[in-house]
Amino acid sequence: MSSPLLHATVCCYAFECSSFLTNPITYGYMDGFDSAVQCVTVLYWVCDPQMIARGKNASDLFPAVVKNVACKNIEVKKLVYVYLVRYAEEQQDLALLSISTFQRGLKDPNQLIRASALRVLSSIRVTIIVPIMMLAIKEAASDMSPYVRKTAAHAIPKLYSLDPEQKDCLIEVIEKLLADKTTLVAGSVVMAFEEVCPERIDLIHKNYRKLCNLLIDVEEWGQVVIINMLTRYARTQFLNPNMNEDKEEKEKKKTEATAIVKRKPYVMDPDHRLLLRNTKPLLQSRNAAVVMAVAQLYFHLAPKAEVGVIAKALVRLMRSHSEVQYVVLQNVATMSIKRRGMFEPYLKSFYIRSTDPTQIKVLKLEVLTNLANETNISTILREFQTYIKSNDKDFVAATIQAIGRCATNIGEVRDTCLNGLVQLLSNRDELVVAESVVVIKKLLQMQPEQHSDIIKHMAKLTDNIQVPMARASILWLIGEYCEHVPKIAPDVLRKMAKTFTNEEDIVKLQIINLAAKLYLTNSKQTKLLTQYVLNLAKYDQNYDIRDRARFIRQLIVPTDKSGALSKYAKKLFLALKPAPVLESPFKDRDHFQLGSLSHLLNAKAGGYQVLPDWPEAAPDPSVRNVEVKESVRAVETVTARDRGPLGPSSGEDVKKSEKKSKPRIGSSESESEEDDDSESESSESEEEESEEESEEETKKKKKVGNERLENTRTTDIHTHTHSERRNTHILNCDSQPNTIASVQVFDTICKPAWLYMQFLLNPPLPVSVPQTIIPSGNLKTYELLHRITGEGLSVEYCFSRQPFSPDPHMVAVKIQFTNSATSEAKSLHVEDAKLQSGMRIKEFPEIEVLPAGETISVVMGIDFSCSLMFFVSIQPPVGELMMPIFMTENEFKKEQGEHRNQCMEIKQYGPHFDCHAVVQRVTTAANLSRVPCGSDKECRFAGKTVTSGSLVLVSVVTKEDGAAQLTVNCEKMVIGTMLVKDIHQALTQ
Amino acid sequence: MQLPAKMIHSLFLVNSSGDIFLEKHWKSVVSRSVCDYFFEAQERASEPENVPPVIPTPHHYLISVLRHRIYFVAVIQSEVPPLFVIEFLHRVVDTFQDYFGVCTEAAIKDNVVVVYELLEEMLDNGFPLATESNILKELIKPPTILRTVVNTITGSTNVGEQLPTGQLSVVPWRRTGVKYTNNEAYFDVVEEIDAIIDKSGSTITAEIQGVIDACVKLTGMPDLTLSFMNPRLLDDVSFHPCVRFKRWEAERILSFIPPDGNFRLLSYHVSCQNLVAIPVYVKHNITFREGSSQGRFELTLGPKQTMGKGLEAVLISSQLPRGVLNTNLNPSQGTYNFDPVTKLLSWDVGKINPQKLPSLKGSMSLQAGASKPDENPTINIQFKIQQSALSGLKVNRLDMYGEKYKPFKGIKYMTKAGKFQVRT
């Protein structure tokens, strides 16, 4: 394909016989060409914009090419897409031919095909298909696949630019996608938001916290967009964290004597804090744009004391490509004016190398000047001295300006700088001298009295120096301070009068000025000279100069006609002029959002969103609260008794044996355990809690009454919790190296150890109907325990809508057990119902045996105290997940040595332990067998997990002081941790 | 009505002679005449690297980067963070380099089809879509000589037949289904020292810029952890997105699922506060006498604080003042070259032998009658030190989880001179 010959041939073919294209591709692309490669190459040349540049418009081929849209070859297909997008605008009617193909693609079962169909469809700029696009985007926005939803977000700005009338509809879609909880979508939808409706800040409220939390896992380009948007958002919603300090400054300026004004102590909104905290790690991104985005966020939003963190990251960026350096330096220059202290420690990183490009040198110089203060000025000036010797004269000129600025800002070094600059006046390079003259002029204006010798020195320069700006500056200086150099000034005027006609305009004007000023102060000596100069000027070619001469003559030379103004001539010309302030060009540039294009250009670019000022009073923070359902929860434990052959029926062993007979549950559990194995121990307990919580929610949710409405809500919750799970995993990737595998698998949900079921109950009003239980087909049934999860035992329940006879205040709940397993289930009963306060339960009588394949119904009463929600859970203690094995002491020690690294939990206990009690308690808590040992002080237990057969070793060592130490070794970290918890509880009871 | 469209509109590639040799539009076509503003700026700039990266024109903004003597000029229409565009353009160059080995005009022209395919995938409507090299390689296979031959004969293509599932996974940076017969993971710790040394030989500023570049060819989904002997050195770092940040914060261990192939795992910065050791010293005596047409030039190099490792590939370059007409110098080793037009002196020293220090001595002839140059030249030094990282950073161990096989592991250290200047 890289052969130019092939290119050329194919190219000729393509343009000389366009039928060539039609032909092969209609009947499979192979016919006319030898291969797809050639076909592809033709297409590329057709699509190549360079063809257009050569005057070859390939749009004639449109029909021929578009027919290939249905082609199977992916590369051909892609190229047709490229071509289509490129030429569709010109050939609108023909482009419509291809639309049906994409519409088909939108329904494809493969998410990648759906996404790419949408991507191309939305890129075709043909107004007729706007409704089709709108529909496709809407559908894709609720697609199952986050990747397709992301593509939908990308399509929004495309449609918007094609037809802005669709804005309202698009905003709806954006609103919907903003609520999406996947990192994949977040960046793209915020981008769409910024393009379509950046003013609708209200759409962000509900999603603010989520966006903050997702931020670190969003892809880097999306991060930039989100951070910039959140900066603007924060500016409208939170209070200025530097409010008090800023006020103080202002107050100081206004009235220093004013009594302390009442200040509200500033408390940062937790959401504001959240944003700052979650963006900080991104300073370590490899992407310079992300780092810059965070830096500007901190600069605009963080309390003064915290802004410092960004300096290090910005300085690091300076090592990057010179373009990056250029942009970063521009921003640093602006920041360093307001927050000088931040960059002071990095002063040396801004030192200039002779190999830097000039534009970088000048910017670095700017930063160095901004950073100069009393303490570091001597080092900076020494550095400047080196720069002045540089070959790069533009840079030298900039350095001289910088010295001038340092001198005006820092009084202590003014004389030093002035002396240095005066020395430069004898430099051989004229540009350097001229620049120095200009800067010295500005400096002298500050305190002319002490520097008449410098003025004298400069007066001498007029003989040599040719640069007009410098000559003009010298003349202005002499005129302004002619009283300090009374003898020299007239002489300079004399010389200037001689050369007047040859001077540049700017110099001529200053000569006239000088003449006028001398005439007013020393008319005796200069009267004739002035007349002469004015006469020369009267006939000058430049009308500015002629005008000036006429004006000045009227003003200073008293004649009969001269008006009242001439009396004030002296005041006009010799008024005290304020010294110029040498300011950084970067001053006040921070009213543009830093890092933006507008900031860089110091001009508002199209589409720039102004960074709003902080509000005076914070808007209601509760708008960001996301609704949490309020409900009273009840936890009830239902235990299904053992159905297996071993089934002991004593109450104590129920849980244990139940576990044994549930191999399938066990296996799914071990999977999830593996996932969790690598979780760091410290985060274990937290993890579990959050897991339990989401588990609860993820479990089947049920409700009665209000059916339609409730139904939709429940499904909503479902999808959300799913995506939430994903998120937690993605977020936790940092701490759990192995979660990647588990992310695709949602089976953690089915972890039986925390088998919680939650159902929303909407208690129906008691209706008086006969008290018998009639199974009614009309009643809606809900699932409590699914057949698969319950190992063949399924439990369903329904509200029988009949009064519960034993207690009229209870709601009758009919529970139906179905045993679809092969063995019988025994002793089904309710155990340890843990109820929330106010709730009561009337258990159903124990069902002794439920033979295989049978179904049985029972009724129990629950007083819900009119609340709507409670939980059911079957929770086997971890100790029941294992079976005892026999081991000798030596074996135990050996195994323990081997498993040392896998899990070791040690807890200390207070005194009063005797061996017997320990054995009893441990064996009650966990199904382990004791390992015989010689010592009384040590008890060892061994077992293995039922499903995966991994060893579980427990040892309790009693110490001299009566305290005890518990050690659990188990390669399943979750089991290990849980077991430690349980045994610990058992021992401390 | 054309509404302001954000992000990148078009891309033009301009070579050093000022020809546009490739263009790509992601939205409607922008006439290439927009580049005239760029050429104007190029003319104004004295050096190629002095072209401003951002140029405003009446209707567009041009943001450009210069790499490998090619300007990549992006056209945008409205507000967008300039770094966003610059970073993206550099990513494009990196991708080309990754695909074609070099990023030259010839390479781009030879692979024009792949270039277009890549650009098409990297941006959607001007917004970056797939910039991760592993995903792109799943979508578009990089050309190899063998594949080019095979493709020409059999008619197969570069476009991957499989759909890129990587985009959907939670590890978007790693392609799926990686298989190798030899599983290997190599890490290069490369440090560059930037320094300015003043006339008297004292250090004005010195800092170390380090990177860890990895070449990981491992089957499946390996999960690696890399720990350091002295992680404390790394207080200013930036990571590849694969690195788990929380783990680093908590334990100072790099834990990551690596992308397949070459990538930059980490870059770090050790700043001047930490007293960077300078591995080389220069004794110099460069003088011009007033009124004489001769100048003296003497230079001696020697090693200093190199921890016993030798200095290699030493190269001295210096821009002599304009007044110097020619030089007559004697190197004790290596070769030297003086270009009388650009006034650039370069001396290829090679290895430094501590027993016999290399020197370059002789005279310079100046323009007759011209006054003495007021600037002494700055000396730029390049060197390499093998098997040593100047900051002292040491990798402790590399562990792999998640896969059964035993990979071959390797680590290499190197120190280079970055922007190392001696003022005279």
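Biologist: What share of the contacts in chain A with a separation of 6 or more is between residues 24 or more positions apart?

Modeller: This is a predicted model, in which local features need pLDDT of at least 70 and side-chain atom pairs pLDDT 80 or more, while totals for chains, interfaces and linings use all residues; side-chain values use heavy atoms, without hydrogens and water. Residues are numbered from 1 along each chain as its sequence is written, with chains lettered from A and ligands numbered from 1 in the order in which they are written. A contact means heavy atoms within 4.5 Å. Among contacts in chain A with a separation of 6 or more, the share from residues 24 or more positions apart is 69%.

Biologist: How many of the residues of strand 16 of chain A are buried?

Modeller: Buried means under 20% relative accessible area, with over 50% exposed and values in between partly exposed (1.4 Å probe, protein chains only). Strands are DSSP runs of E with at least two residues, and helices are runs of H or I with at least four, numbered from the N terminus. Strand 16, residues 964-970, is largely enclosed by the rest of the structure, because the number of buried residues is 7 of 7.

Biologist: Which residues point one way from strand 16 of chain A, and which the other way?

Modeller: In a regular strand, side chains alternate between the two faces of the sheet. In strand 16 of chain A, A:A964, A:L966, A:V968 and A:C970 point one way, and the other way point A:Q965, A:T967 and A:N969.

Biologist: Which residue stands opposite A:T967 in strand 16 of chain A?

Modeller: Strand 15 (residues 951-958) and strand 16 of chain A run antiparallel and are joined by 7 bridges; pairing requires at least two bridges found by DSSP. Opposite A:T967 stands A:S955.

Biologist: Is A:K441 buried or exposed?

Modeller: A:K441 is found in helix 26 (residues 430-444) of chain A. A:K441 touches A:S473, A:W476 and A:L477, leaving aside residues up to four places away in sequence. The C-alpha atoms of A:K441 and A:W476, 35 residues apart along the chain, are separated by 8.6 Å. With a relative accessible area of 19%, A:K441 is buried.

Biologist: How many helices and how many strands does chain A have?

Modeller: Of the 989 residues of chain A, 56% count as buried. The secondary structure of chain A comes to 42 helices and 16 strands.
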